Amino acid sequence: MATARALGATNLAFSEAPGVAVRPTVTTAASLFAQPLAPMLTVLGIVVLVILAVTTASEDGLVSALWAANGLAVGVWLRSGRGTSFDLSFGALVALGVLAGEFLAGNPPVLAVWFTVANMIEIVAAVTLARRFAPTLNLATVTGASRFIFWAAIVAPFVAGVIVASVLLATYGAPFLMSFQTWWFGHALGLAVVAPFVLAFEKRQLQSMLEPLRVAETVGLFTLLGGACIVVYFFLALPISFVVIPILILIAARLRLPGVTAALVLVSVAAIGSLMAGLGPSSYLGAPLAERAVIVQLTILFGYVPIVLVASLLEERDRLSERARAGQLRAERASAAKSRLLANVAHEIKSPIGGVIGIGDLWSGGQLGPVTKTQAEMAAMLVKTARQVEALSHDLLDVARAESGAVKVELRLTDVPGILEDIRAATVLRPEARALSVSVQCEGDGLIAIADSQRLAQIIDNLASNAVKYASSGGSLVLRARRIHDGVRIEVADRGPGLTHEKQAQLFEPFNRLGLERSTVEGHGIGLALAKRLVELQGGSIGVESKPGEGATFWIELPAA
C-alpha cells in the first residue's frame, strides 16, 4: 500500500500536458531541490520497495525475484528532466535511497554496498539507453514502447546481473548462472512493469479517469482482475495463470496504457507473492524455488508484458484517428470556403459578361452604326471570347454547387443510345470536328441507365468536346454503350495523342490542364472534375484508359434499370 501511494504521488507530481508525449526537460539541481516533494517521495518509495523486495521476494535470501525500486527510479528520473547537474543530484538521491533500503532490510554492509553499486549501474544504464533509443519516451506508440522495453528493461540489467552473480559466487559460493538469471529476469520485470506505469500517466488521462462512468468501469475491471489473481495465484495449484490474459487485454482495450501498466503491477505482485508463499500455478512443479522463480518471471515478461504493446497500438490508433478527424474537418472547411469563393466569383463574372455579349452582338449586327469588315470580325471575336468566359462562370457555379452538395440529380430511366445520338449530332456540327469521323456504337439491348438525363448529357458532351479538341486530324471519335453486369458502360474513345500514367492520375483534379496551359487548345481544367462529381452524384464511376500514342477512352459506369 505504501508503494502504491508513493507511485501515485510521483505520477501526480510529474504529469504532463494533454496529448503531449513525455519529453524530459533540462532541469538544474537548484530547481530540483527548490521543489523537494517529488524527489523525496521518490527516495522514500525506493527505500520501501527495496525493503519489501529483500524481505518478501528474495530467492534464498540473496537475489529478489521482483525488483520494483529500479523501475520507479528510472521512470521518475526520465520524467523529471536531464542535464549534468540534475543527473548527478538525482542519481545521488537514488543511490542514497537504495543503500538505505539495503541496510534497513538487514543485508550485510559489504553486500549492501555491492548491491547498491550494481543497482546504480543498472539504473544509469536504463536511463541512458532510454534517452538514446527511445528519446521521446512516448510509450503510446508501438515503436516507442517496444524500444523502451527492450533497451531499458531487457538490456540494461545485464551488466549489473553479471556483477552481482560474480560477487555472490566469490562471497557465498552461490551458483553464478542461477544468481545471474534471477537478478536479470527480476530486475527486467521491475523495469518493464513499474517504469512504464510511471511514464504512462498524463494529466489528460488522469482527468478522464475521474469521470463517474470511467471510475466505475476502472473499479469493476480491477476488481475482476484482483479476484482472478487471488483465485489463480493463491487458491489453485493449477497451471492456469493464462486466464488473466483476457482480462489484461480487456483492460488494455478500455483503459489503454495507464490501465494495463497498473494491471501488470498488480499481476506481478500477485504472481511473485504466491511464488514466495509456495502457492499458485508454480507450486505443482515441485522444482526448487529458483527454477520456479525463473518460470514465473519469464511468464510475466513474455506472456503479460507484451500486452503493453496492444495498449500502445490502440493509443496510437486513437491519436491517428483524432488527427484524421481534425484534418477532415479542416479540409471540409477549406472546401466549403473554396466553394463559396467559386460561387461568388462566378456570380460576379456573369453580370458584366452578359453586358459584353449584348454589346458585341449589337456592334457586330450594325445596330450601333455602320461597321467595317474588320470591326465585324473583332466584334465576333469579342462575343466568342465573352461566351467562353460565360461558359467558365457556369462551370464554376456547377463545381461550387456540386462540392457543397447543392446540386440535385433526378434519377430516372434514361435511354443511353438516344443521348449518345443527340451528342453525336451536336458534335459533328462543331467546326473543329469537320475532319473527324464521329459514330455511335450500341452493343446489345436494354441500355437503359438510372441517371439524370440532363446531367448525363452534360457529362458526355464534355467528354466529346475534349475528344474533339485532342483527337488527331482525320481521326475518329466513337461514342459506345454496352451492358456490364448490373450496369451500363458508356465510352468516349478518340485517336488522340493519349495520356501517360502520371497524367491519368492528375486528370480529374480541378484546374489541372496537365501542362497544356500555354497550348492552343482551349480549356480551363474544370470540366473533367465537374464530370467526376456529377457521375458520383448519380451513383456511378468515371475513369480513363489510355496509352501514349494510342488515344484515350473515357468511360462512365452507371446502374442499369
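1. The five-stranded element comes first: 5 strands make up an open sheet, ordered β4-β6-β7-β9-β8, with mixed pairing. Strands here are DSSP runs of E with at least two residues, helices are runs of H or I with at least four residues, and both are numbered from the N terminus; two strands pair if DSSP finds at least two bridges between them. Because β4 (437-443) and β8 (541-546) each have a single partner strand, they stand at the edges, and one side of each is left without a neighbour in the sheet. On average, and with direction ignored, neighbouring strands of this sheet are turned by 15° against each other.

2. On provenance, this is a predicted model, in which local features need pLDDT of at least 70 and side-chain atom pairs count only at pLDDT 80 or more, while totals for chains, interfaces and linings use all residues. Residues are numbered from 1 along each chain as its sequence is written, and side-chain values use heavy atoms, with hydrogens and water left out.

3. Within the sheet, strands β6 (residues 476-484) and β7 (residues 487-494) run antiparallel and are joined by 8 bridges. In this pairing, Val478 has Ala493 of β7 opposite to it.

4. Helix α17 (residues 453-470) lies across β6, β7 and β9 (552-559) and runs at about 25° to β7. Helix α19 (residues 527-537) lies across β8 and β9, and its angle to β8 is about 135°.

5. Elsewhere in the chain, helix α9 (residues 176-200) packs with helix α12 (residues 244-276) at an angle of about 145°, the axes being 8 Å apart. In this contact Leu189, Val193, Pro196, Phe197 and Ala200 of α9 meet residues of α12, among them Leu257, Pro258, Leu264, Val265 and Ile272. By class, the contact has 11 nonpolar, 2 polar and no charged residues, where Ala, Val, Leu, Ile, Met, Phe, Trp, Tyr, Cys and Pro count as nonpolar, Asp, Glu, Lys and Arg as charged, and the others, Gly among them, as polar.

6. A search of the whole structure finds 15 salt bridges, each defined as a side-chain nitrogen of Lys or Arg within 4 Å of a carboxyl oxygen of Asp or Glu. One of them joins Arg254 and Glu217, whose closest N and O atoms are 2.5 Å apart; since Arg254 lies in helix α12 and Glu217 in helix α11 (residues 212-235), the pair ties together parts that are 37 residues apart in sequence. Arg254 is partly exposed at 40% relative accessibility, and Glu217 is partly exposed at 21%, on a scale where buried means under 20% relative accessible area, exposed over 50% and partly exposed in between (1.4 Å probe, protein chains only).

7. Helix α12 also carries Arg256, whose side chain meets that of Asp318 in a salt bridge (2.7 Å, N to O). Asp318 lies in helix α14 (residues 307-364), so the pair ties together parts that are 62 residues apart in sequence. Arg256 is buried at 16% relative accessibility, whereas Asp318 is partly exposed at 22%.

8. Returning to the sheet, the side chains of Glu545 and Arg489 meet in a salt bridge (3.1 Å, N to O), which links strand β8 to strand β7 across 56 residues. Glu545 is partly exposed, with a relative accessible area of 44%, whereas Arg489 is buried at 7%. Both residues belong to a network of salt bridges that links Arg480, Arg482, Arg489, Glu491, Glu545 and Glu557.

Definitions and conventions. Axes are lines fitted to C-alpha atoms, for helices over the stretch in contact, and angles run from 0 to 180 degrees between N-to-C directions. Contact means heavy atoms within 4.5 Å.
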